[in-house]
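Hello,

Please find the structure we spoke about below. My notes on what was found in it follow.

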Amino acid sequence: MAMASAAIDLLLGKIVSFLDDQLSLLGGVHDELEEIKRELIVMKAFLEDAERKGVLSEVEKTWVANVRDVSVDVEDFIDEFTYHINKQRSWSPFTRTLRKSLRFPKNLWERHRIATKLQMIIKIVKAIPQRSLRYGVKRIEGVSYSHYDPDRLRILRESSLFLQDDEVVGIIDAKEKLVTMLLSSQPQRTVISVVGMGGSGKTTLVAKTFNGQTVKQHFDCCAWITVSQTYTVEDLLRVIMKELLRAVKEQIPVDLSDMSYSHLVEMLASYLKEKRYLIVLDDVWDINLWRQISAALPDGPHGSRVMLTTRKEDIASFPFGVGSYVHHVQPLNKSEAWHLFSMKAFFSCPNSCCPPELEHIARDLVDKCEGLPLGIVALGALMSTKSVLSEWMKVYGSLNWELCNNPTLEVVKSILLLSFNDLPYRLKHCFLYCCVFPEDYVIQCRRLIRLWIAEGFVEQVRGAKTEEIAESYMAELTCRCMLQVVEREPSGRAETFRMHDLLRELCISISEAERFCTIHNDHEPAKESKARRVSMQANSRALRNPKDISKVRTFFMFASFSLNYLPSGFRLLRILDLEDVPIVQLPDDIVNCFNLMYLNLRSTKVKELPKDIGKLSNLEMLNISNSKIRLLPVGILKLQKLHHLLMLHFNDQKLCSFDCLDGRTQAPQGICKLKSLQVLETVKVEGELIKQLQSMTQLTRLGLANVREADEKDLCKAIKNLKLIEQLNVMTTDEDEVLRMDALAEGPPILNTLFLTGKLERLPRWFHSLHSLSYLTLHWSRVTHDFLPCIQELPNLTKLWLSNAYIGDELVFRNGFRKLTELLLLNFSQLSVIIIEKGVMPALKTLDIWECMQLKQIPQGIEHLTNLKQLTLLSVPNELIECIRGEGSMDNSKVKQIPNIGYRYKTKFGWSHGRTR
């Protein structure tokens with residue numbers, strides 16, 4: 001019901017836009033669409049009133065279904081009409097004239113067909129209220145439909161710090177028990193299974209145990225692996241190998257992705273043979289997993305441990321060998337449950353104390369959660385927005401009998417459904433959209449935000465950027481515990497996140513019921529569905545086209561196997577996302593998807609775009625980053641609505657090399673004529689491109705490669721004109737080319753991210769004016785003078801990466817860097833001394849020193865960095881490591897405040913790696 005109301009609201013916006021855009025072409029159907037719009041407004045008012053009512057009769061449910069179906073029909077009409085018009089617009093003037101004369105009868109028939117369909121829709125729309133009156137469903141007039149209010153975040157924002165906290169309740173005893181199992185004197189490999197229902201806190205308990213300092217110090221190497229239901233054993237073995245190597249900053253074999261199962265097992269077993277290892281397998285659904293990977297986990301006398309979490313008792317009790325233990329996760333007791341709920345629901349009250357007038361109903365609500373942590377957290381987040389007793393009573397009264405009687409997953413789903421129903425209608429769509437990604441998929445926030453915008457989910461607010469509104473949606477979903485943040489940017493904003501299994505299951509069930517999205521995977525046969533969004537998550541070569549693909553508007557594919565084709569037959573497609581799919585070629589008829597707005601080919605094997613890509617006149621976002629495409633066709637110049645063109649290629653295997661960033665993608669002359677472009681990243685500079693950039697004042701992100709010393713004047717003129725630029729990436733032609741930017745008097749006013757790659761004789765004089773800069777990378781700058789004073793007073797700098805940026809033997813941090821939280825020093829060939837004066841970098845949390853082979857002592861003054869949490873030393877002299885290893889080492893006392901220290905250095909026997917704590 002709520003989704004039907006939300007769908008109509010989005011459809012109303014689409015009708016308004018359609019009426020404005022196609023006014024001259026609609027002719028006599030304009031009035032009919034206006035009439036449909038008025039009827040839909042009344043229908044939406046009824047739905048909102050019914051939503052507040054809560055429970056619908058069977059007649060009302062049927063009425064809601066009819067409204068939903070007719071909204072789909074109206075959307076079909078609009079999309080088909082738009083397709084017909086865009087198809088004609090794709091013709092050349094000569095072709096348009098010729099086809100009008102030769103195919104006039106067919107075009108006339110097409111318009112007649114569309115007009116007839118519209119008349120039928122109008123008839124159906126008018127029949128719905130008439131039928132409702134006959135059967136006693138009264139329309140509710142005068143209920144206005146509301147839009148999402150961005151200011152709503154202001155209230156919830158106060159809770160974001162607490163809601164992002166990883167504090168947990170009721171696991172102290174269980175954690176100590178697991179730690180005892182892990183650190184026991186049992187020399188054989190031991191498997192510890194943690195079993196419990198979904199949402200019971202299995203993963204949280206194991207994560208807290210796994211991340212403990214005592215545990216990490218006990219093992220030579222550790223890896224955390226999320227398994228999920230759709231794993232392939234080869235991919236799983238690769239992930240284990242990668243996690244083990246990354247933890248100690250070792251090089252990942254280039255051919256890892258091509259290794260066979262037997263080769264992977266042999267390599268992993270050889271790597272772990274003489275080590276005491278700890279491997280966590282989170283979310284195991286199939287006992288065959290153990291049979292497939294156990295040979296890769298050697299059972300030696302070193303005291304290795306394997307922990308796994310599962311919802312299945314038969315997996316937990318499987319006879320793994322000599323050493324095996326099972327831990328059953330217990331629900332929180334009443335005291336623990338009340339404490340956890342109070343922290344979430346009453347965080348704004350003194351000492352998180354419940355107001356006396358709410359305590360009775362609050363305790364009843366907590367009792368209904370039956371000690372399930374996920375349910376308590378979700379319900380607490382929901383109730384934190386309720387301050388009046390009547391609101392609490394309403395929530396309590398709407399919990400169905402399943403919450404009281406069924407102790408399984410349905411209990412949690414009932415509680416989570418309350419959180420879903422309390423979302424503003426636009427956030428309902430945004431939340432459901434997350435289910436298009438596979439289980440345990442780590443989602444990039446930027447990617448999801450672009451998708452929300454392309455779908456039309458994000459409200460247009462005067463004076464605010466669409467991306468900022470979308471980010472506020474993301475922030476609210478995380479505040480409500482609907483999404484789990486995996487990584488954060490230095491600013492604190494979410495960078496990646498994932499969905500909890502149960503939340504995703506809730507999403508899928510609602511999506512199917514509301515025909516919002518259809519998921520295809522190997523576990524369930526494809527179902528007949530009228531959903532306009534399809535997510536192909538099959539993990540086999542037997543990939544089949546979904547049924548009735550001509551009606552699909554959004555298509556996702558997630559496949560790890562080699563793929564030489566893509567389902568064809570799309571006609572009304574608006575969004576196509578193939579990120580990470582090893583597809584080689586796009587279908588020829590993709591250029592006939594005239595309504596296509598979003599095309600994501602990131603990290604695919606596609607080598608070229610269709611020559612006729614100019615037919616996609618509605619395309620707004622094109623991402624070919626890390627694909628095989630190196631040349632844009634001339635037809636790209638016809639895409640006048642394009643606002644995101646992403647072409648950056650990054651090779652993390654060549655991090656120490658000049659060309660780890662590849663900006664060789666060539667664009668045709670005239671690319672600057674695309675006046676809607678907001679993001680152009682990264683394009684090879686040729687011809688008059690830099691001069692033409694001066695007119696692209698709408699750019700917010702820009703990446704340039706192949707820049708020459710002689711381009712200084714034109715480059716600086718262009719940057720001066722880009723008042724809206726927030727992110728800038730400039731790379732020279734090669735490592736010997738000097739990058740000159742001194743012709744610029746002041747830096748861009750709102751620039752927050754700056755990447756400079758190439759030789760700098762000195763830092764540009766305008767660096768002092770970068771008051772908004774938060775992230776700075778200097779790559780292969782090879783400055784010969786002390787440049788730190790030029791950047792130390794930047795007020796908002798939080799992340800600093802210096803890679804081969806300085807040629808000298810001493811680097812002194814004398815002052816400033818007040819907000820810096822992350823510092824990377826990479827590939828300093830002559831550096832032998834680092835000095836950190838007291839009071840400098842007071843907020844630093846992460847310090848990485850890589851490839852500095854002349855640095856034989858730890859940074860002087862490192863003991864002053866009282867907030868430092870992570871120190872990583874990679875490819876440094878062994879003398880440096882020996883200075884801090886062990887309690888009696890020379891400099892151990894200077895780093896004792898750092899909880900996590902990792903290292904790797906070369907000895908005569910090869911590379912040595914480990915952790916001091």
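**The parallel sheet**

Five strands form an open sheet in the order β2-β3-β4-β1-β5, and their pairing is parallel. Its edge strands are β2 (221-226) and β5 (323-328), each of which pairs on one side only. On average, neighbouring strands here are turned by 15° against each other, direction ignored. Strand β1 (residues 190-195) pairs with β5 in the parallel sense, over six bridges. I192 stands opposite Y325 in β5.

Some terms. Helices (H or I, at least four residues) and strands (E, at least two) are DSSP runs, numbered from the N terminus. Two strands pair if DSSP finds at least two bridges between them. Axes are lines fitted to C-alpha atoms, for helices over the stretch in contact, and angles run from 0 to 180 degrees between N-to-C directions.

**What kind of model this is**

This is a predicted model: local features need pLDDT of at least 70, side-chain atom pairs count only at pLDDT 80 or more, and totals for chains, interfaces and linings use all residues. Residues are numbered from 1 along each chain as its sequence is written, and side-chain values use heavy atoms, with hydrogens and water left out.

**The chain overall**

The chain holds 28 helices and 30 strands. It has 917 residues, and 54% of them count as buried (under 20% relative accessible area; exposed is over 50%, partly exposed in between; 1.4 Å probe, protein chains only). Take the contacts in the chain with a separation of 6 or more: residues 24 or more positions apart account for 59% of them. Contact means heavy atoms within 4.5 Å. The chain exposes about 40100 Å², and carbon and sulfur atoms supply 50% of that (Shrake-Rupley method, 1.4 Å probe; for residues, only the protein chains shown count as cover).

**Two crossing helices**

Helix α16 (residues 334-345) and helix α18 (residues 373-383) have axes that come within 7 Å and cross at roughly 35°. On the α16 side, the contact is made by A337, L340, F341, K344 and A345. On the α18 side, P373, I376, V377, L379, G380, A381 and M383 take part. These residues divide into ten nonpolar, one polar and one charged. Ala, Val, Leu, Ile, Met, Phe, Trp, Tyr, Cys and Pro count as nonpolar, Asp, Glu, Lys and Arg as charged, and the others, Gly among them, as polar.

An open sheet of three strands runs in the order β6-β8-β7, with antiparallel pairing. The edge strands are β6 (443-444) and β7 (484-488), each pairing on one side only. Four bridges join β7 to strand β8 (residues 494-498). V485 stands opposite F497 in β8.

Then look at helix α23 (residues 445-455). Nine of its eleven residues are buried, so this helix is largely enclosed by the rest of the structure. Among the buried ones are R447, R450, W452 and E455. Just after α23, G456 takes a positive phi of about 85°.

Is F755 buried or exposed? F755 is buried, with a relative accessible area of 18%. F755 lies in strand β21 (residues 753-757). Leaving aside neighbours within four places in sequence, F755 is in contact with Q727, L728, N729, V730, Y775 and T777. W801 is 46 residues away along the chain, and its C-alpha atom is separated from that of F755 by 9.2 Å.

Best wishes
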